[in-house]
Amino acid sequence: EGLGPQEYTGLKMQVLNFPDAARESLASIDLSSNKVYMIAATLRPETMYGQTNCYVGPSLTYGVYEGLVPGELYICTRRAASNMAYQGLLRERGVVRELGTIKGQELIGARINAPLSVYEEVYVLPMESVLPNKGTGVVTSVPSDSPDDYATLGELRKKAEFYHLNPDWMKFDPIPIIRTPSFGDMCAEFLCKKLKIQSPKDVKQLAEAKELAYKECFYQGTMITGDYNGEKVEVAKPKVRADLIKQDLAFVYNE
Ligand code: A2H
């Protein structure tokens, strides 16, 4: 847990196709006449160009809630929905009306839109380390710049059969989006290799990689793609965030 309040960007990842298991669990909800979004909480909106998938905790329970805009439904943890309600991000301020619930496991394989990503349509995959008490319980994956995302994607690719995952869901490779002087153009891959991170279970090395990646990328990094190509990450970050919000692809979420 960090100190003080954390200001996240809540990214609206529209669900384009639900797996059968999800349809069954959500049978009482009119999915076809509503736009349904998985809300991913990120601290790095400038990395959204490099999204390759999205993660949920397979054993976590998610709820479906009405967003501010009529006809928009949000999927996130109940805890996050409650915070959102008090921040005026749901239909009725202060009220959490839950239309249904679904297990993370049942969302795996959902095809979703990843705003700004070069891969417009990506898939939902499982990540055991998603914490129920942080953010929305939905983590968008940027394996080029997040060591956690990189390690989990590698693990899932290696053991697709064991996890009952369709290899097609993991076909999108990490892409370079930020250049750094010390760790190259894909700092997560560089650091995972350098620190010999074999799997998401290498939590100690991952914590170190995360720290190193964050400092180097944020303070020394330069964008090498997107609308702010050539600009410092520090400068591009608030601009990308503001653009996402202006286009109604994201909102500010605090906790
Ligand atoms: B970040 P903090 Cl490119 N459980 O977004 C585990 N991790 C979670 C989470 C949860 N419930 N909710 C959000 N997160 C992740 C991008 C990113 C992130 C990059 C690099 C580093 C990074 C793409 N994934 O985070 O503890 C989300 O991943 C490094 C910490 O509140 C979110 O930002 O500081 C970040 O952790 C929030 O973690």
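Helices (H or I, at least four residues) and strands (E, at least two) are DSSP runs, numbered from the N terminus. The model is predicted: local features need pLDDT of at least 70, side-chain atom pairs count only at pLDDT 80 or more, and totals for chains, interfaces and linings use all residues. Residues are numbered from 1 along each chain as its sequence is written.

**Exercise 1.** Describe the fold content and overall dimensions of the protein chain.

Solution. Step one: the secondary structure consists of seven helices and twelve strands. Step two: the C-alpha trace spans about 50 × 40 × 30 Å along its principal axes. Step three: the radius of gyration, taken over C-alpha atoms, is compared with the globule rule, 2.2 Å times the number of residues to the power 0.38. A compact globule of 255 residues would have a value near 18 Å, and the 17 Å of the protein chain agrees with that.

**Exercise 2.** State what percentage of the 255 residues in the protein chain is buried.

Solution. A residue is buried if 20 or more other C-beta atoms, placed from the backbone, lie within 10 Å of its own. Buried residues are 46% of the 255.

**Exercise 3.** Work out how helices α4 and α5 pack.

Solution. Step one: within α5 (residues 187-194), C187, A188, F190, L191 and C192 are buried. Their cover includes α4 (147-158) and α6 (203-220). Step two: take contact to mean C-beta atoms, placed from the backbone, within 7 Å. On the α4 side P147, D149, Y150 and A151 meet A188, E189, L191 and C192 of α5. These residues divide into six nonpolar, no polar and two charged, where Ala, Val, Leu, Ile, Met, Phe, Trp, Tyr, Cys and Pro count as nonpolar, Asp, Glu, Lys and Arg as charged, and the others, Gly among them, as polar. Step three: with axes as lines fitted to C-alpha atoms over the stretch in contact, and angles from 0 to 180 degrees between N-to-C directions, α4 and α5 pack at about 70 degrees with their axes 8 Å apart. α4 is therefore roughly perpendicular to α5, the class for 65 to 115 degrees. Step four: just after α5, K196 takes a positive phi of about 55 degrees.

Key
A residue is buried if 20 or more other C-beta atoms lie within 10 Å of its own, exposed if 12 or fewer, and partly exposed in between; C-beta atoms are placed from the backbone. Two residues are in contact if their C-beta atoms, placed from the backbone, lie within 7 Å. Angles under 35 degrees count as roughly parallel, over 145 as roughly antiparallel, 65 to 115 as roughly perpendicular and the rest as oblique.
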